[in-house]
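Student: Please walk me through this model, and for each term tell me what it rests on.

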Amino acid sequence: MFYFIIDILGTIAFAISGVLVAMEKKLDLFGVFIIAFVAAVGGGTLRDMLIGNTPVVWMRESVYILVILATVVLSIIFVKQLKYLRTTLFLFDTIGLGLFTMVGVEKGLSSELSPIMCIALGTITASFGGVIRDILCNEIPVIFRREVYATACILGGVSYFLFRELPFDSVYGYIAAIVVVISTRLLAVKFKIALPGIYGRKS
Amino acid sequence: MFYFIIDILGTIAFAISGVLVAMEKKLDLFGVFIIAFVAAVGGGTLRDMLIGNTPVVWMRESVYILVILATVVLSIIFVKQLKYLRTTLFLFDTIGLGLFTMVGVEKGLSSELSPIMCIALGTITASFGGVIRDILCNEIPVIFRREVYATACILGGVSYFLFRELPFDSVYGYIAAIVVVISTRLLAVKFKIALPGIYGRKS
Amino acid sequence: MFYFIIDILGTIAFAISGVLVAMEKKLDLFGVFIIAFVAAVGGGTLRDMLIGNTPVVWMRESVYILVILATVVLSIIFVKQLKYLRTTLFLFDTIGLGLFTMVGVEKGLSSELSPIMCIALGTITASFGGVIRDILCNEIPVIFRREVYATACILGGVSYFLFRELPFDSVYGYIAAIVVVISTRLLAVKFKIALPGIYGRKS
């Protein structure tokens, strides 16, 4: 139940990120819905297609499409108020990032993939919705330019496999990994930490 | 046989839409072919990948690739004449839209998906070829800005499931749904109907 | 073993092409890695998703992700030297093109697809990594404008099926097809051969 609530909150936060990007591009109602939908479920969809877990997840559970539809309608109506909720949204988004990472890792484990691939799947699940959202809006994906987002997923995934070596119940490792993702991102944003630059002084 | 002819006519119409967009971008012969191909079969391909119906449809039937190849060659030769055929092309395109919607709905039914998912699959089948076409040409997809296209698919899909409740043979519901898609689009274009705006007066 | 070395060399060459494109766009470290990764394995990934051969190839063998990671790190460190290696890189890239084409053709054969589809799969395997790379970087894919790249794959694939009719061991046909791809591209670049124009004099 707890898991389900967080999953839905993450979906809502990602959908809202889609609405905001789509409205900036002045898309129409249908376009806004599609971008919100893709932002919310695109990462999990790509993951499911890569491992052959079809029909993909949102096709098996109507709840996702309905939640996103409601989110889009409410977001458009209350778009002005959304701006005052930036911190709350950022928090949901970050929680979603942590949870979606671990959903992806778990799918990898149940497909018997190696740890590296599980971490890759976790990162794809959590961050590629945003990549597809940006491509559809004709932008270079923001996470390719401001990377602590995906880096947090990778660190969380690595932590999970390190925790697994310890003599604890796997649930704790799961929760610890989510905490790593969330705190990495919060700290990176708070202290403006970025990956080391690769273009020398002038870029 | 009737079904097959309409399917091929829809494929041709969608392929021509691809040729026209690609030539506007001054792509070369190979690029024009790929854009035409993607416009014609991209929606069905995405649908098949989402539900795991692989190899995807155009890989199992060579007829699609050959029809598109012929369409591209003829379109390039007769590109000037194509401009006088705008109404005919628009009609084919609209018929294709109706038929491809129902192909997608049927695939969803045979994968035992819920009505909402069947409608989503129908819309994807009919309209996402155009989305991928526009992305490959580095444009924001036109259907995200001029939405009666996809809305017609959704209305058609909803109609199908309403008709199914009536005590008629399912073939009539099938045909009725195609008629709904086609007439929705024709009326929307004729009377310049669009979805309600969401940006207030000045956008 | 020979096959494996060429496969890895091709992966490296394609990954370097990704690094160069991504650095031109000033992406950050994560973005550069993803673009390199997609350039190297994107074609094979799309192929595997189209035929339902999942989990896709790079998920089953960690070697790809590790080789690409090492390539990205070394490429960023030695980016200046890379410019003096243009000819070597072009050669690797062309060898990779030939080999990846035949990998795709073989996958098609083992999925019992028709020759046309095998050639299509070969072309997708060899050239669509570059397409996805360019889309992620918000560019119209270069192979849609400078087409001898994909045309070489198609010619190679056709050659393979012609050679198969001859009374030789299939290994020779395989090698001959790779030679066709490589020499087509080398000759096209050397003699500046392009597909016939389709836009009349002034384009």
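## Terms and the values behind them

Student: What comes after H7(C), and what is the phi there?

Tutor: Asn138(C) follows H7(C), and its phi is positive, near 65°. Helix names come from DSSP runs numbered from the N terminus (H or I over at least four residues for helices, E over at least two for strands). Before we go on: this is a predicted model, in which local features need pLDDT of at least 70, side-chain atom pairs count only at pLDDT 80 or more, and totals for chains, interfaces and linings use all residues. Residues are numbered from 1 along each chain as its sequence is written, while chains are lettered from A and ligands numbered from 1 in the order in which they are written.

Student: Where does H7(C) bend, and by how much?

Tutor: The bend is at Ser127(C) and amounts to about 50°. That angle lies between axes fitted to the seven residues ending there and the seven starting there.

Student: Why is H7(C) called largely enclosed?

Tutor: A residue is buried if 20 or more other C-beta atoms, placed from the backbone, lie within 10 Å of its own, exposed if 12 or fewer do, and partly exposed in between. In H7(C), 19 of the 22 residues are buried, so the rest of the structure largely encloses this helix.

Student: How do you know that H9(A) has the span its residues call for?

Tutor: H9(A), residues 170-190, has 21 residues that should span 30 Å, and its end C-alpha atoms are 30 Å apart, which agrees. Its buried residues include Ile178(A), Val181(A) and Arg185(A). Among the elements that cover them are H6 and H8 of chain A. Just after H9(A), Lys192(A) takes a positive phi of about 50°.

Student: Why does Tyr84(A) count as exposed?

Tutor: Tyr84(A) has 10 C-beta neighbours inside 10 Å, so it counts as exposed. It sits in the loop between H5 (79-82) and H6 (86-110) of chain A.

Student: What makes the phi of Glu112(A) worth a remark?

Tutor: The phi of Glu112(A) is positive, about 60°, although the residue is not a glycine. Glu112(A) belongs to the loop between H6 and H7 of chain A, and with 9 C-beta neighbours inside 10 Å it counts as exposed.

Student: Why is Lys26(B) called partly exposed?

Tutor: Lys26(B) has 14 other C-beta atoms within 10 Å, which means that it is partly exposed. Its phi, near 60°, is also positive in a residue other than glycine. Lys26(B) lies in the loop between H1 (2-24) and H2 of chain B.

Student: What is the omega of the peptide bond from Thr54(A) to Pro55(A), and is that bond cis or trans?

Tutor: Omega is near -10° and the bond is cis. Pro55(A) is in the loop between H2 and H3 (57-60) of chain A. In chain B, the bond from Thr54(B) to Pro55(B) is cis too, with omega near -10°.

Student: What makes a set of residues a nonpolar core, and how many residues has the largest?

Tutor: A nonpolar core consists of buried Ala, Val, Leu, Ile, Met, Phe, Trp, Tyr and Cys residues joined through C-beta atoms within 7 Å. The largest has 195 residues, and those with the most contacts inside it include Ile35(C) and Ala36(C).

Student: Which residues does Ala36(C) contact, leaving aside neighbours within four places in sequence?

Tutor: Ala36(C) is in contact (C-beta atoms, placed from the backbone, within 7 Å) with Ala15(C), Gly18(C), Val19(C), Ala22(C), Ile68(C), Thr71(C) and Val72(C).

Student: How many residues of chain A and chain C are in contact?

Tutor: There are 25 from chain A and 22 from chain C. On the chain A side, H2, H7 and H8 each give two or more residues, and H7(A) has the largest share, with four.

Student: How do you know that a three-fold axis describes the relation of chain A to chain C?

Tutor: A rotation of 120° with 0.0 Å of shift along its axis superposes chain A on chain C, with RMSD 0.0 Å. That is why the relation is that of a three-fold axis. The copies use different surfaces, as 16% of the contact residues of chain A recur in chain C.

Methods: Contact = placed C-beta atoms within 7 Å. Least-squares fit on C-alpha atoms with pLDDT ≥ 70 in both. Expected span 1.5 Å × (residues − 1).
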